[in-house]
Amino acid sequence: MEWKSGFDKERELIFAIQRDLDVVTAILLLTGQITIIGVFVTPGAFRVSVGGPITGTSRIEGKDGNVGINIIRD
């Protein structure tokens, strides 16, 4: 039986929460509920800023309302 310290258990919990948030974000992006507004490159990582009705901002869409362009952009 493997013994885990409290720190290891908390770390596993944090990783599980991050993984769940990643999956939810991916689903919302794929269904068009949110869009990527910006990408920020930082040393050792990159971060995305998202927006849409869920976050209280308007969703970015093409000028023509062309669904194909919106899908490609997303």
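1. A quick definition to start: a residue is buried under 20% relative accessible area, exposed over 50%, and partly exposed in between, using a 1.4 Å probe and protein chains only. Phe-46, at 60% relative accessibility, therefore counts as exposed.

2. Some ground rules before going on. This is a predicted model, where local features need pLDDT of at least 70, side-chain atom pairs count only at pLDDT 80 or more, and totals for chains, interfaces and linings use all residues. Residues are numbered from 1 along each chain as its sequence is written, and side-chain values use heavy atoms, with hydrogens and water left out.

3. Now the overall layout. The protein has two helices and two strands, arranged along the sequence as α-β-β-α. Both kinds of element are DSSP runs numbered from the N terminus: helices are H or I with at least four residues, strands are E with at least two.

4. How much of the protein is buried? Of its 74 residues, 9% are. The accessible surface (Shrake-Rupley method, 1.4 Å probe) comes to about 6,300 Å², and carbon and sulfur atoms account for 63% of that.

5. Helix α1 covers residues 6-31. It has 26 residues and spans 38 Å from first C-alpha to last, close to the 38 Å expected at 1.5 Å a residue; the expected span is 1.5 Å times one less than the number of residues. After α1 comes Gly-32, with a positive phi near 85°.

6. Back to Phe-46, which sits in strand β2. Contact here means heavy atoms within 4.5 Å. Setting aside neighbours within four places in sequence, Phe-46 is in contact with Val-39, Phe-40 and Val-41.

7. Ser-49 is also worth a look; this residue is in strand β2, residues 45-51. Is Ser-49 exposed or partly exposed? Its relative accessibility is 27%, so Ser-49 counts as partly exposed. Not counting residues up to four places away in sequence, Ser-49 touches Thr-35, Ile-36, Ile-37, Gly-38 and Phe-40. Ile-37 is twelve residues from Ser-49 in sequence, yet their C-alpha atoms are 5.4 Å apart.

8. Last, the largest pocket. A pocket is an open set of points on a 1 Å grid over the protein atoms alone, where a 1.4 Å probe fits, with protein on both sides within 12 Å along at least five of seven lines; lining residues have an atom within 4 Å of a point. The lining consists of Leu-21, Asp-22, Thr-25, Ala-26, Leu-29 and Val-48, and helix α1 supplies the largest share, five residues.
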